[in-house]
Amino acid sequence: MSTDEQKVTIMLCCAAGMSTSILVKNMQAAAKDEGVNAKIFAVPAAEANEKLAQERIDCILLGPQVRYMLGSFKEKVAAQNIPVDVINMQDYGMVKGDRVLQQGLKLIK
């Protein structure tokens, strides 16, 4: 069970959840390559509250297209101490899963 304790859960939020799915796949591949036990998934920003109620999230990364929601997300999860950041636009656009994974892991530590 110790592997479960070390699992990190990273939630990506974007406008519709579609464009981020390729990035999620690349992040999962990078996590596997780096031996990181991670659950990474994307949801439309509108469904974030549901996921927050259902799961223990270690960090939230927002797609550049919803960066304007950063303040409200930080406010929403402040009591749970969940770090929130906006994915670097270039890393997002070039679907650099390894870089975005590292961004999330830095937030968690």
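Reader: Is Thr-9 buried or exposed, and what relative accessible area decides the matter?

Author: This is a predicted model, and every value below is computed from it. The relative accessible area of Thr-9 is 5%. Buried means under 20%, so Thr-9 is buried.

Reader: Where is Thr-9 placed, and with which residues is Thr-9 in contact?

Author: Thr-9 belongs to strand β1. Leaving aside neighbours within four places in sequence, Thr-9 is in contact with Lys-39, Phe-41, Glu-55, Arg-56, Ile-57, Asp-58 and Cys-59.

Reader: What relative accessibility do Cys-13 and Cys-14 have?

Author: Cys-13 has 1% and counts as buried. Cys-14, at 0%, counts as buried too.

Reader: What makes Leu-52 buried or exposed, and in which helix does Leu-52 lie?

Author: Leu-52 lies in helix α3, which covers residues 48–54. With the limit for buried at under 20%, a relative accessibility of 12% places Leu-52 among the buried residues.

Reader: Which residues does Leu-52 touch, not counting those up to four places away in sequence?

Author: They are Met-11, Ile-57, Ile-60, Lys-76, Val-77, Gln-80 and Ile-82. Lys-76 is 24 residues from Leu-52 along the chain, and their C-alpha atoms are separated by 9.8 Å.

Reader: What places the charge of Lys-76 over the ring of Phe-73?

Author: Lys-76 lies over the face of Phe-73, at 4.4 Å from the ring centre. The limit on that distance is 6 Å, and the charge must also be within 35 degrees of the ring normal. A second case is Lys-51, whose charged end sits over the ring of Phe-41 at 5.2 Å from its centre. As for pairs of aromatic rings, the count is 0.

Reader: Which residues of the largest nonpolar core touch the most other members?

Author: This core has 17 residues, and those touching the most other members are Ile-10, Leu-12, Met-27, Ile-40, Leu-61 and Leu-101. At least two residues each come from β1, α2, β3 and α6. The largest share, 5 residues, is supplied by α2. There is also a second, separate core of 16 residues, which includes Leu-52, Phe-73, Ile-82 and Val-84.

Reader: With which residues is Leu-101 in contact, leaving aside neighbours within four places in sequence?

Author: The partners of Leu-101 are Ile-10, Met-27, Ala-30, Ala-31, Glu-34 and Ile-40.

Reader: How does the reach of helix α6 compare with the expected value?

Author: Helix α6, residues 97–108, has 12 residues and reaches 17 Å from its first C-alpha to its last. At 1.5 Å a residue, 16 Å is expected, and the reach is close to that value. The buried residues of α6 are Gly-97, Val-100, Leu-101, Gln-103, Gly-104 and Leu-105. They pack against several elements, including β1, α2 and β2.

Reader: Why is Asp-91 called buried, and what does Asp-91 touch?

Author: Asp-91, found in helix α5, has a relative accessible area of 7%. The limit is under 20%, so Asp-91 is buried. Not counting residues up to four places away in sequence, Asp-91 touches Lys-96, Arg-99 and Val-100. Asp-91 and Leu-23 are 68 residues apart in sequence, with 9.2 Å from C-alpha to C-alpha.

Reader: Why is Asn-81 called exposed, whereas Val-95 counts as partly exposed?

Author: Exposed means over 50%, and partly exposed lies between that limit and the limit for buried. Asn-81 has a relative accessible area of 68% and is therefore exposed. Val-95 has 27% and therefore counts as partly exposed.

Reader: What phi does Asn-81 have, and what phi does Val-95 have?

Author: Asn-81 has a positive phi of about 55° although it is not a glycine; its place is in the loop between α4 and β4. Val-95, also not a glycine, has a positive phi of about 40°, and its place is in the loop between α5 and α6.

Definitions and conventions
Residues numbered from 1 in each chain as written. Predicted model: local features only at pLDDT ≥ 70, side-chain atom pairs only at ≥ 80, totals over all residues. Heavy atoms only, no water. Buried < 20%, exposed > 50% of the residue type's maximum accessible area, 1.4 Å probe, protein only. Helix = DSSP H or I, 4+ residues; strand = E, 2+ residues; numbered from the N terminus. Contact = heavy atoms within 4.5 Å. Expected span 1.5 Å × (residues − 1). Phe/Tyr/Trp six-rings, centres within 6.5 Å; stacked < 30°, edge-to-face > 60°. Core = buried A, V, L, I, M, F, W, Y, C linked by side-chain atoms within 4.5 Å.
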